[in-house]
Amino acid sequence: MNNSEQKTYALETKTVIKTYQSDSGTIHAVDDVSIQISSGEFVALVGPSGSGKTTMLSMLAALLQPTSGKILLDGQDLATMDDRQRVTMRREKIGFTFQANNLVPYLSAVENVELMLRLNDKLDKTGKLRARELLARLGLAERMNNLPGQMSGGQQQRVAIARALIHNPSLVLADEPTASLDTERAYQVVQTFAGLIHEQNRAGIMVTHDLRMCEFVDRVLLMQDGKLVRTYDNHDEIMNELISARH
Amino acid sequence: MRTIFSVSNYLAIKEVWRNRGRFLLVSMVIALITLLVLFIAALGEGLGNGNREYISKLNGELIVYQAKSDFLIAASRLDNNRLAAVRRVDGVADAGLFGTASANLILPTDSETLKVALLGIEPGHVGEPKVVQGQQLSTDLAEEVIIDRNTAIRSNLALGDELVIRVTQGIKDEFFKLRIIGITDGQQYSLQPSVFVPFYTWDRIRPKSEAEVNSSNPVANVILVKLSDPAQVESVKLGITNQVNNVEVASLKQAIQALPGYSAQQSTLNTQGGFTLFIGILVIGGFFQIQILQKVAQIGVLKAIGAGNPTVAVASIFQIIVVTVIGVAIGGLLTFLFSLTFPPTVPIVFNGTTSAIALIALLLIGPLGGLISIRYAVRIEPLKALGLSS
């Protein structure tokens with residue numbers, strides 16, 4: 001990636017810190033993390049348990065406010081926004097998929113995807129058509145009207161991906177999207193996700209503990225003890241170092 | 001705002017529809033509560049009505065009792081002299097003697113008798129109910145009666161028939177034959193079917209003690225008074241109390257409240273109704289609270305993808321309203337169908353106002369009961385709900 005000085009990033013964080021108070025003192029969950037992600041770039045956030053990646057993701061998702069620092073999404077600072085503004089940002093500018101319990105159980109696959117457009121008051125004929133096309137592209141043409149309970153975990157994840165992308169958000173976040181999937185399904189889901197992020201020119205961040213999934217990303221950010229300790233931005237480097245690091 | 005309502009209603013309706021079995025079950029519980037509340041209200045109205053019907057429909061404004069009778073009609077004794085004195089008071093347009101007694105009506109086809117209120121009134125004066133069929137009473141001594149429609153239904157007697165009354169006078173059972181010349185409607189007295197008899201006939205045939213049997217001086221219970229100007233209730237009341245010896249005067253409202261057991265009965269039934277509504281609040285509140293507890297993650301997802309608290313709250317309220325309205329509608333329909341099966345002897349009256357108040361109260365218990373769950377839903381933190389919090 002070319003991080004030139006003049007480049008406008010879809011997402012930029014500046015010295016983000018998140019601390020918690022506990023009986024044993026102050027815990028630095030995220031400590032001075034600065035990252036930049038451009039549109040069309042798919043980034044993996046990896047690190048051992050307790051490294052702060054989930055806290056970081058929560059702040060990027062406008063679900064949690066940093067103790068200090070800036071989180072600029074399309075130039076707007078999430079850190080200074082009140083609850084209402086953050087809800088609006090989540091609705092309009094962010095797409096999110098979670099580990100589990102992703103979908104509204106009483107809405108069918110297509111209704112779950114359309115829900116994002118409803119929330120943004122943008123559900124028209126074109127929107128409905130796009131929702132169906134997106135699901136069809138994700139291989140769910142036959143499952144449009146199925147309820148989440150009638151679909152497999154992989155199918156549900158794909159519906160969640162469609163929901164995260166349908167409203168043209170600037171930033172798409174995925175929290176362990178492959179956690180409940182078998183290897184084959186996991187590869188399929190992440191590959192499709194990466195393809196759509198590149199194709200639709202969104203900025204994408206995936207938190208994962210499964211380093212094999214990094215095969216499909218442009219960059220890997222490694223966090224440890226709340227700090228960003230290393231960035232891998234060469235595909236060969238990712239493949240060689242990260243995957244071999246497993247052994 | 002429009003988007004919030006449209007998304008909330010969409011989510012609420014979809015959830016109810018896709019889980020219709022579960023929601024219908026709650027609606028059925030609300031329907032049963034509705035049935036119970038409406039029946040208690042109707043029973044209260046029916047019992048109250050049966051108790052006060054004659055007095056509340058009286059074509060007069062005041063009732064004169066013997067002093068210190070505590071406004072109890074049966075405990076009061078007044079004679080003709082007092083009637084004359086009352087009639088002389090300024091502002092009194094008309095006054096009539098009124099006597100009450102219980103008697104047994106011998107039914108032509110049945111071995112059972114029907115207990116009736118035998119009411120002595122003065123023909124042409126205040127206290128004589130208007131007939132809806134037949135004619136009014138003619139003279140004070142005639143052996144003719146007006147009966148209430150309720151009496152006619154329960155005894156199978158019709159206009160022109162002769163009825164037989166059995167009373168105990170002294171130590172003997174006496175039987176009196178009277179001709180039905182008129183039928184009136186909605187004139188029960190103390191929950192008993194009523195028979196209106198000319199006053200002097202009434203005095204002759206009413207149950208008497210041994211001492212009263214040979215007495216020639218007719219004694220009524222109270223005097224019913226019609227005013228020239230109904231707005232002058234207080235001043236005429238004062239006038240009668242001052243000018244007539246040994247009497248006390250009550251307005252119709254006071255007289256109704258003093259009917260034996262009336263206030264206690266009404267307050268008991270109102271308390272029962274109130275408790276049923278309270279139980280309804282607990283049931284609905286409990287259901288929706290459990291429902292919200294089961295949906296924490298789901299609400300967390302909704303909030304995380306940009307549904308604000310207003311959307312979540314309105315969806316919950318709308319859902320509660322839908323379930324309550326369906327329950328109350330089913331309950332109302334069930335009540336109506338059940339009411340068709342009740343015989344006229346059951347004192348149940350579906351009064352428009354009372355039923356409307358009960359229905360409004362029932363529609364309010366849903367949102368009231370759901371308030372806690374709505375508060376809980378609004379407070380759900382998406383981070384915690386999704387397991388993202390550290």
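1. How many residues does the contact take from chain B and how many from chain A? The contact takes 24 residues from chain B and 27 from chain A, where contact means heavy atoms within 4.5 Å.

2. The basis is as follows. This is a predicted model, in which local features need pLDDT of at least 70 and side-chain atom pairs count only at pLDDT 80 or more, whereas totals for chains, interfaces and linings use all residues. Residues are numbered from 1 along each chain as its sequence is written, chains are lettered from A and ligands numbered from 1 in the order in which they are written, and side-chain values use heavy atoms, with hydrogens and water left out.

3. Area between the chains. Chain B and chain A bury about 2,400 Å² between them, with 66% of it on carbon and sulfur atoms; buried area is the accessible area (1.4 Å probe) that two parts lose on being put together, summed over both. Of the area that chain B buries against chain A, 27% is supplied by B:Tyr10, B:Ile305 and B:Leu388, more than by any other three residues.

4. The side chains of B:Lys14 and A:Glu111 form a salt bridge at 2.6 Å, N to O. A network of salt bridges links A:Glu111, B:Lys14 and B:Arg18. Six residue pairs are in polar contact across the interface of chain B and chain A, both residues at pLDDT 80 or more. A polar contact is a pair of N or O atoms within 3.5 Å; within protein, one must be able to donate a hydrogen and the other to accept it, and residues adjacent in sequence count only if both atoms are side-chain atoms.

5. Elements on the chain B side. Helices (H or I, at least four residues) and strands (E, at least two) are DSSP runs, numbered from the N terminus. On the side of chain B that touches chain A, α1 (2–18), α10 (296–304) and α13 (382–385) of chain B each supply at least two residues. The largest share, eight residues, comes from α1(B). The residues of this side divide into 13 nonpolar, six polar and five charged; Ala, Val, Leu, Ile, Met, Phe, Trp, Tyr, Cys and Pro count as nonpolar, Asp, Glu, Lys and Arg as charged, and the others, Gly among them, as polar.

6. Domains of chain B. The domain assignment gives domain 1 (2–52 + 263–385) and domain 2 (68–245) of chain B; such bounds come from an automatic or database domain assignment. Their contact takes eight residues from domain 1 of chain B and seven from domain 2 of chain B. The centres of the two domains, taken over C-alpha atoms, are separated by 48 Å.

7. Interface of the domains. About 540 Å² is buried between domain 1 and domain 2 of chain B, of which carbon and sulfur atoms give 61%. Across this interface there are zero salt bridges and two residue pairs in polar contact, both at pLDDT 80 or more. Helix α2 (residues 20–56) of chain B gives the largest share of the domain 1 side, four residues. That side divides into three nonpolar, five polar and no charged residues.

8. B:Gln136. This residue is found in the loop between β5 (131–134) and β6 (144–148) of chain B. B:Gln136 is partly exposed, with a relative accessible area of 31%; buried means under 20% relative accessible area, exposed over 50%, and partly exposed in between (1.4 Å probe, protein chains only). The side chain of B:Gln136 makes a polar contact with that of B:Glu128 (3.0 Å) and reaches the backbone nitrogen of B:Val131 at 2.9 Å.

9. A buried pair in chain A. A:Arg219 and A:Glu41 meet through their side chains in a salt bridge (2.6 Å, N to O). The pair links distant parts of the chain, 178 residues apart: A:Arg219 is in strand β9 (residues 219–224) of chain A, and A:Glu41 is in the loop between β2 (25–37) and β3 (42–46) of chain A. A:Arg219 is buried at 6% relative accessible area, and A:Glu41 is buried at 0%.

10. A partly exposed pair in chain B. B:Arg179 forms a salt bridge with B:Glu162, the closest N and O atoms being 3.6 Å apart. B:Arg179 lies in strand β8 (residues 172–184) of chain B and B:Glu162 in strand β7 (residues 162–169) of chain B, so the pair ties together parts 17 residues apart in sequence. B:Arg179 is partly exposed at 39% relative accessible area, as is B:Glu162 at 41%.

Definitions and conventions:
Salt bridge = Lys/Arg side-chain N within 4 Å of Asp/Glu carboxyl O.
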